[in-house]
Amino acid sequence: MNKNIIAAVVLGMIGLSSCTDLNETLYDKVSMDDYGKNATEVQTIVGGAYATLRGYGAATPEGNGVNCYPTCEYVFFTTECSSDEACLPTRGTDWYDGGRYQQLQFHTWDAANTGVLSLWRYNFVGISKINAIIYQVDQSELSDASKDVVKAELRGLRAYYYYNLLDNFGNVPITTDFTESELPKNSSRQQVFEFVEKELKETLPLLPKGVQYGRFTQNVAYTLLARLYLNAEVYTGKARWQDCLDMCDKVSGYNLTANYKESFKIDNETSPEIIFAIPYDHKQGTVGNYLASMTYHYNQRYAFSADGSWQWSANGICAQPGLYSSFEENDVRRNAVMVGQQYSAKDGSPVLMDSGEPLNYTEEIGDYTNAMQNEGARLDKYEWSATDKWERDNDWVLMRYAEILMMQAEANFRLGYEQPALTYINQVRKRAGLDALTTLTLEDLDKEWKHEFVFEGLRRTTNIRFGTFFDAWWNKPADNPDKHTGIFPIPKEEMEKNPNLVQNPGYK
């Protein structure tokens, strides 16, 4: 299977199917009188909805001055660097960037933080485009029944964006009508939770069944519902552990890969573990997936390619001190974190920094606000090659089967069923090369979440669910006792544009 996302809807009632690549033109800007009236045109439009998952660059109208790529700047950076997993130190004059990353590290962000704005904008632009596409589908010549089938995937994608907003911002506007002209008001976090749940449950019967790579299927919906229920106590104050288990039980057709890193290879679309991913292929013109270049030192290119032609890198995001050493030595997942001296791919000699000192990545960071260039273990989860282009070809993993097993382990444990919990967590540990646990604690679960999903964007949510988000950790004091940092502020720019919005508690 190629890397073109299967974004066209299979219209069983009218016998149509096709593949649409992720770089599909977004036809929501085309006049409703010109396009989207028949089934073939509708397929093209739906492909545009999947294209929104890749996000937008700062120079695009959608980005409007900030990068909104889910793979790196600033969406991924914002969630990861506010967790206990990653950080982005200021290195001399590099990466200060108005102090936004220091705010994330110290949990002192405000409504003007551009990372927070990017996180908001990424999700709401996706929602806005999907609303426009749903409107076009409604104006098409399809039968009402066929329209409902098409809109099921669109509503599922929109629910995915709203889940992100629920998790990160809590009290956000719910907008579903493309023709609505009135500025929206906040809905409560409870209401957003109920909206996501309702949308997924209503569309489930109409979603594609089985394993279909790159599409919003029933399996994806069940996984998203399981996430929703796993974190329900945080979102609503009411635990939903059994509901989480019920949804996990409905996910089928996947298995753990023998090799942990198989799901992160360049050609990872063949992985039997991936439930949902954002496909990337530079040959198809996809953009936004350049996280690898954001972590390695400038001279890493000499370690990755004999002639030093590997893509430019920016010496940015890295692991927080303590992450690498928290892995057991024989844990294969430890290899997702790069430490140590780097050696030339040409002759095996030590790679040097421009200062002449060895490029030796250290786990420790002496001074977060003025770090040395080689300090901080690097993100090394996704496969690289000497011939990498700036836009990587690894598909960005959003959901995989290991998460189902870990949700089953945690939900069972919190319900008091330790033996089933051990069965599930030990499947994950076995693949990692670790001994089976015979007893289980919440600390064990938290650690397994951290190690299994390192650098996959789940850590902030896990920190909050386990309560550690508000504790003091490396280079971060304990959060304000009111715990308002559990959600981000509504961005200042959005507040200024919409006077109907009310700021989240604890923020100005």
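**Charges, rings and a threonine**

Author: Let's start with arginine 100, which counts as buried because its relative accessibility is 12%. Buried means under 20% relative accessible area, exposed over 50% and partly exposed in between, with a 1.4 Å probe and protein chains only. This is a predicted model, where local features need pLDDT of at least 70, side-chain atom pairs count only at pLDDT 80 or more, and totals for chains, interfaces and linings use all residues. Residues are numbered from 1 along each chain as its sequence is written, and side-chain values use heavy atoms, leaving out hydrogens and water.

Reader: Thanks! Which side chain meets arginine 100 in a salt bridge?

Author: That is aspartate 97, at 3.3 Å from N to O. A salt bridge here is a side-chain nitrogen of Lys or Arg within 4 Å of a carboxyl oxygen of Asp or Glu. Aspartate 97 is partly exposed, at 32% relative accessible area.

Reader: And which ring does the charged end of arginine 100 sit over?

Author: The ring of tyrosine 74, 4.2 Å from its centre. To count, NZ of Lys or CZ of Arg must be within 6 Å of the ring centre and within 35 degrees of the ring normal.

Reader: Nice. How many salt bridges are there in the whole structure?

Author: A search finds 34. One of them joins lysine 129 and glutamate 62, at 3.1 Å from N to O. Lysine 129 is buried, with 6% relative accessible area, and glutamate 62 is buried too, at 15%.

Reader: New topic: why is the pair of phenylalanine 193 and tyrosine 235 called tilted?

Author: The ring centres are 6.5 Å apart and the planes lie at 55 degrees, so the pair is tilted. Rings of Phe, Tyr and Trp (its six-membered ring) pair if their centres lie within 6.5 Å; planes under 30 degrees apart are stacked, over 60 edge-to-face and the rest tilted.

Reader: Are those two residues buried or exposed?

Author: Both phenylalanine 193 and tyrosine 235 are buried.

Reader: Last one: where is threonine 90?

Author: Threonine 90 is in the loop between strand E1 (86–87) and helix H3 (100–106). Helices (H or I, at least four residues) and strands (E, at least two) are DSSP runs, numbered from the N terminus. With 4% relative accessibility, threonine 90 is buried. Beyond its neighbours within four places in sequence, its contacts (heavy atoms within 4.5 Å) include Trp95, Gln102 and Tyr368.
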